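Student: I am new to this structure, and I would like to understand the words used to describe it. Could we take the terms one at a time and set each value against its cut-off?

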Amino acid sequence: MEKIQLSILDIGMMLQGQTATEALAQSVRFVQLAEELGYKRYWFAEHHNAGNQISPSPAILIAHTAAHTKTIRVGAGGIMLPNHSPLKVAEDFALLAAMHPGRIDLGIGRAPGTDGLTALALRRSREAVYQYDFPENLDELLHYFQRDFPTDHPFARIKFSPSTELPDVFMLGSSNGGVQFAANKGVGFAFAAHMSPDIAVPTLRHYHDTFQPSDWLSAPHGIYSISIITAETEEEAYYLARPAQLFWARIFSGAPIGNFPTLEEAHAHTFTPAEKSAATRMENSMLIGTPAQMAKQLKHVTKEAGVEEVMVLSFYPTIESRVNGYRLLAESML
């Protein structure tokens, strides 16, 4: 097993009191910090109808932050393909790859990343919402990039982009639904252990074992994505993690989510029985502790999963704690 590579997933969460402009400026600083610290890639998620997240368009965030960095890979984690025309995704990411050669990643998701009403507003027809055509759309997207439509296919006449640069392509997964697409198409695979920790290792192993080499990759490239809160002491790490624990408990108990909790709010809050149950179910979705503890756990799980890259999803309650957490993790792992 080679040395573990570290990357970052940013869901565009705004802290209380921040404006959208301030949060976007901070994202640029975080990407620059990740580059400085030696992280491999920095991805932006796609979410809609979320008042506390500034991440409806990863392509725009990629263009903005890549322009302010030099070497780190920047990408989407991911583009929710059901919301988009495959041609438009191909055009956007071919253009991004031409702007920043060798630095752009395209992670592809099968879910809408939003509620049903917003999915309808995005796709503009009920048929598009209820029809499952992801396999066809994925094939179409990859054909555009590879310029290998069958000659009798009507889209073979479309010259989608003059760019010869391409992004690196990954499938995303939080269940066992996306892994076979990644293995069969010979692309990378990133599994969201922060959503489904119990099946992360076997799913990544299955990807590794069933991977079929392609023009995209000659060997499998799996990524283990997990939420991490780290600090100099275990006590401080758990103190910082309380807002994130409350945030996830609200999500999975069905309670109103609202803004990301502050430290004061989270420590003053008494969990309801439903929130306690949700927090218990999700306690393996977040790693909390000192850098040494994080390094030990990540080395173990990546060996079990057969991967060499960890993508960190961070729910730190302050800018200072997030900066410190990124530094501590990099110093312990890179």
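Student: What makes helix H9 roughly perpendicular to helix H11?

Tutor: Helix H9 (residues 234-253) and helix H11 (residues 273-281) pack at an angle of about 105°, with their axes 8 Å apart. Angles under 35 degrees count as roughly parallel, over 145 as roughly antiparallel, 65 to 115 as roughly perpendicular and the rest as oblique, and that makes H9 roughly perpendicular to H11. The axes are lines fitted to C-alpha atoms, for helices over the stretch in contact, and the angles run from 0 to 180 degrees between N-to-C directions. Helices (H or I, at least four residues) and strands (E, at least two) are DSSP runs, numbered from the N terminus. Contact means heavy atoms within 4.5 Å, and here Leu-246, Ala-249, Arg-250, Phe-252 and Ser-253 of H9 meet Ala-274, Glu-275, Ala-278, Ala-279 and Arg-281 of H11.

Student: Where do these values come from, and how are residues numbered?

Tutor: This is a predicted model, in which local features need pLDDT of at least 70 and side-chain atom pairs count only at pLDDT 80 or more, while totals for chains, interfaces and linings use all residues. Residues are numbered from 1 along each chain as its sequence is written, and side-chain values use heavy atoms, with hydrogens and water left out.

Student: Why are H1 and H13 called roughly parallel?

Tutor: Helix H1 (residues 20-37) and helix H13 (residues 319-333) pack at an angle of about 15°, with their axes 10 Å apart, and the two are therefore roughly parallel to each other. Among the residues that meet are Phe-30 in H1 and Arg-322 in H13.

Student: How do you know that the charged end of Arg-322 sits over the ring of Phe-30?

Tutor: A charge sits over a ring if NZ of Lys or CZ of Arg is within 6 Å of the ring centre and within 35 degrees of the ring normal. The charged end of Arg-322 sits over the ring of Phe-30, 3.8 Å from its centre.

Student: Why is the pair of Tyr-144 and Phe-149 called edge-to-face?

Tutor: A search of the whole structure finds 19 aromatic pairs. In this one the ring centres of Tyr-144 and Phe-149 are 5.0 Å apart and the planes stand at 80°, so the pair is edge-to-face. Rings of Phe, Tyr and Trp (its six-membered ring) pair if their centres lie within 6.5 Å, and planes under 30 degrees apart count as stacked, over 60 as edge-to-face and the rest as tilted. Phe-145 and Trp-216 also form an edge-to-face pair, 6.0 Å centre to centre with 80° between the planes.

Student: What makes Phe-145 and Trp-216 buried?

Tutor: Buried means under 20% relative accessible area, exposed over 50%, and partly exposed in between (1.4 Å probe, protein chains only). Phe-145 has a relative accessible area of 2%, so Phe-145 is buried, and Trp-216, at 18%, is therefore buried too.

Student: Why is Asn-49 called exposed, but Arg-147 partly exposed?

Tutor: Asn-49 has a relative accessible area of 61%, so Asn-49 is exposed, whereas Arg-147, at 45%, is therefore partly exposed. Phi of Asn-49 is near 55°, and Arg-147 has a positive phi of about 55° although it is not a glycine. Most residues other than glycine have a negative phi.
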